[in-house]
Amino acid sequence: MAEIKKIGVFTSGGDAPGMNACIRAVVRTAIYMGKEVVGIQQGYQGMIDKKFVPMDARSVRNIIQMGGTVLKTARCMDFRTPEGRAFAYKNLKEEGIDALVPIGGDGTFTGAEFLSREFDIPVVCVPGTIDNDLYGSDYTLGYDTATNTVIDAIDKIRDTAASHDRLFFVEVMGRDSGCIALHAGIAGGAEAILLPEKETAIDELIEKLEQSAEKKTSSIVIIAEGDKNGGAYNVAKRVKEKFNFYDIKVTILGHLQRGGSPSSFDRVLGGRLGYAAVKSLLAGENRKMVGLRNNKVELTDLHEAIHNHTFKLEEDLLEMANILSI
Ligand code: F6P
């Protein structure tokens, strides 16, 4: 394999807190190792539109504490075509970029795998998504911060729910993954948690709410956006038809879950994974994802990370959540 001289780093797909800490780590590690670094703005779209910015150690100062991504991000349709990828590769070559560190989720990884197979450019990816749904890493960048943001919101909703004796349905993000919902539901003391990985019949939910209404004056139910019952508004409507013990309200937390200053966990994770991604590339690795398993940084084959991608429901935690909410 040819010697790597210039590394391109970019973020793609949904932004996640901790991405900036990771960009900083990639840039500084590469420079320390005597390499040049280029930031590619707006992910794959920026490769096509030639949005290349030379980076030095000082260009990533003061970003470790920032949410979002200073390199910006996008979801790019053109890159899904062979012509789009060929054009992007031509631009990378003209810029002298000979290896890539993509930071993002499974869509980002899929693009990176295509590019690397079609044009033989080495890639080592970093898992960055609040959804925590990538195979090969116990945690993805942004998940910890997003879950803490949700817990903060649940605590606030609980204040008003208790004051008015109300039942709240709170919908959280995660796409097809119930990881945020499950963990925030447990940490926020939710009465019930509805997840995409486990179907909950509305009648079953009503039965649970009826039982708890005998003891509690307010309740909170967490619903993952990917739950098969069709989201918080639908669930609330169907519950209301048969259950009128409480006044019922719905809160969709939406994109506020993606923002905010990263937690210490996400900053350290961003540092560890960015550092490891550059070292792995320079050690000759290709088509890999760096992840954290049992608190150790490990490499996973990119293909596996993409195709096994899913949050594996911890059934015992769901059972525990049910018991602890009696
Ligand atoms: O993948 C991160 C995520 O925030 C998901 O939880 C959510 O379903 C999706 O992105 C929303 O995407 P967009 O910001 O493009 O609407």
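Visitor: Does Leu282 count as buried, partly exposed or exposed, and at what relative accessibility?
Guide: In this predicted model, Leu282 is found in helix H9, residues 264–282. Buried means under 20% relative accessible area and exposed means over 50%. Because its relative accessibility lies in between, Leu282 counts as partly exposed, at 32%.

Visitor: What accessible area do Tyr32, Met33 and Leu282 have together?
Guide: Leu282 at 32% passes the patch cut-off of over 30% relative accessible area. With Tyr32 and Met33, Leu282 forms a nonpolar patch on the surface, and their accessible area together is about 330 Å².

Visitor: Which residue of S11 stands opposite Lys288?
Guide: Strand S10 covers residues 288–293, and five of its six residues are buried. S10 runs parallel to strand S5, with two bridges, and there Val124 stands opposite Lys288. Strand S11 runs antiparallel to S10, with six bridges. In S11, the residue opposite Lys288 is Asp301.

Visitor: Which residue in the turn between S10 and S11 has a positive phi?
Guide: The two strands form a hairpin with two residues between them. The phi in question is about 50°, and the residue is Asn294.

Visitor: What is the bridge partner of Phe169 in S8?
Guide: An open sheet of four parallel-paired strands has the order S7-S8-S6-S9. Its edge strands, S7 and S9, each pair on one side only. Six bridges join S6 to S8. In S8, the partner of Phe169 is Val221.

Visitor: At what angle to S6 does helix H5 run?
Guide: Helix H5, residues 143–164, lies across S6, S8 and S9. Taken between N-to-C directions, the angle of H5 to S6 is about 165°.

Conventions: Residues are numbered from 1 along each chain as its sequence is written. This is a predicted model: local features need pLDDT of at least 70, side-chain atom pairs count only at pLDDT 80 or more; totals for chains, interfaces and linings use all residues. Side-chain values use heavy atoms; hydrogens and water are left out. Patches are made of residues with over 30% relative accessible area and no salt bridge: like charges are joined within 9 Å, nonpolar side chains (Val, Leu, Ile, Met, Phe, Trp, Tyr) within 5 Å. Accessible areas come from the Shrake-Rupley method with a 1.4 Å probe; for residues, only the protein chains shown count as cover. A salt bridge is a side-chain nitrogen of Lys or Arg within 4 Å of a carboxyl oxygen of Asp or Glu. Buried means under 20% relative accessible area, exposed over 50%, partly exposed in between (1.4 Å probe, protein chains only). Two strands pair if DSSP finds at least two bridges between them. Contact means heavy atoms within 4.5 Å. Axes are lines fitted to C-alpha atoms, for helices over the stretch in contact, and angles run from 0 to 180 degrees between N-to-C directions.
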